[in-house]
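My entries follow in the order in which I made them.

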Amino acid sequence: MLARLVVTFMSSAYSADRKDATILLSHELGIPYHRLFLDIDIIDVSDGSLKRLHNQMERLASGEPLSKIIQKKEFYGIEFCTNGYTLDPRPETELIVDLVKAHYRDFSKHLAILDLGSGTGCIGLSLLTMYKNSVCSFVDIEGQALDVAITNATQLGLRARCRFILSDWFANVAETFDIIVCNPPYVSTTFALDRSAQFDPQTALFAGVEGMDAYLAILPQIGEFLNHNGKAFIEIGFDQSEKFMNIDHGLETIGIERDLNGIQRVVILGKLK
Ligand SMILES: C[S@@+](CC[C@H](N)C(=O)[O-])C[C@H]1O[C@@H](n2cnc3c(N)ncnc32)[C@H](O)[C@@H]1O
């Protein structure tokens, strides 16, 4: 069947957006979206591809995010591979990258960065694309998430400036850093997730009844792993700034920055002088 007919049929049969159907088809055929779009009237789709596409459209119709089906998600203008062990990068986390850029304006500097709870590696790798002389260590407790971060680092040509450490937070970390970026799990186990987040791994989301367990584990240790003048940029949940500030971390609070929705989203901590 011709690709145009497939897209029309699939989108109407599953009440889906034509664009989503086209993205799924481009993924199935291994043809870039813009090429498929241009050649939509000449590309033929096999029965096998049609069958797999039906299955993917069913998953989409059941509320599974498109990004989970194609295992790709954009972050800071870069396409990252994902898998069943990684959180899909969220747009609000891009604020961490913006804040590091605002605090470290010399992009030629050699900075030692730690991406703690790295998942796909989206934060640290985005930074390495701009800080060309810097290095980054990626820490995650989930080996299969680290594998995806390694794939992403390799595809972006950044592998040589990366280290990957399988670790329960700082347990296997031996160095100190100029910058620590961290988007840890911070959802309360009592919180009812929306449908799309139900496809993310629980280790990446939940942090005890209060959602504070990861902060309680990380914050008392952060100072030990920061170099002199080092800074940590840590993402928090929409109602967590007060509870966060009550944790004894022995660091200077440089700022609490809001995301585009006006929600306090990233706390910046620095070594006490
Ligand atoms: C909210 S996700 C963030 C992923 C990625 N940094 C991002 O912003 O998209 C939290 C990450 O922390 C990892 N994690 C959870 N508990 C951990 C622990 N005890 N030690 C290290 N990493 C952990 C999870 O596997 C997950 O990849």
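**Entry on Leu219.** I found Leu219 to be buried, with a relative accessible area of 1%; buried means under 20% relative accessible area, exposed over 50%, and partly exposed in between, with a 1.4 Å probe and protein chains only. The model is predicted: local features need pLDDT of at least 70, side-chain atom pairs count only at pLDDT 80 or more, and totals for chains, interfaces and linings use all residues. Residues are numbered from 1 along each chain as its sequence is written, and side-chain values use heavy atoms, with hydrogens and water left out.

I located Leu219 in helix α10; helices (H or I, at least four residues) and strands (E, at least two) are DSSP runs, numbered from the N terminus. Leaving aside neighbours within four places in sequence, I listed Ile234, Phe244, Ile247, His249 and Leu269 as the contacts of Leu219, where contact means heavy atoms within 4.5 Å. I also looked up Leu219 and Ile263, which are 44 residues apart in sequence and 21 Å apart in space, C-alpha to C-alpha.

**Entry on α10.** I then took the whole of helix α10 (residues 213-222), whose buried residues are Ala214, Tyr215, Ile218, Leu219 and Ile222. They cover an arc of only 105° around the axis, which puts them on the same side of α10; the arc is that of the directions from the helix axis to the C-beta atoms. I recall that an α-helix has 3.6 residues a turn, so residues three or four places apart point the same way. The cover over the buried residues of α10 includes β3 (112-116), β6 (177-182), β7 (226-235), α11 (241-245) and β9 (264-270).

**Entry on α4.** I checked the length of helix α4 (residues 47-61): at 1.5 Å a residue its 15 residues should span 21 Å, and its end C-alpha atoms are 21 Å apart, which agrees. The expected span is 1.5 Å times one less than the number of residues. Ser49, Leu50, Leu53, Gln56, Met57 and Leu60 are the buried residues of α4. Seen down the axis of α4, they fall within an arc of 125°, so they line one face of the helix. On the face turned away from this buried side I noted the exposed residues Asp47 and Lys51. Among the elements covering the buried residues of α4 are α1 (3-13), α2 (18-29) and α5 (66-70).

**Entry on the α1 contact.** I read that the axes of α1 and α4 come within 11 Å and cross at roughly 30°; axes are lines fitted to C-alpha atoms, for helices over the stretch in contact, and angles run from 0 to 180 degrees between N-to-C directions. The two helices are therefore roughly parallel to each other, the term for angles under 35 degrees. Val6, Phe9, Met10 and Ser11 of α1 make the contact with Leu50, Leu53, His54 and Met57 of α4.

**Entry on backbone angles.** Which residues have a positive phi although they are not glycine? I noted Trp169, at about 45°, and Asn229, at about 70°. Trp169 is found in the loop between β5 (162-166) and β6, and at 18% relative accessibility it counts as buried. Asn229 is found in strand β7 and is partly exposed, with a relative accessible area of 46%. For context, most residues other than glycine have a negative phi.

Conventions
Parallel < 35°, antiparallel > 145°, perpendicular 65-115°, else oblique.
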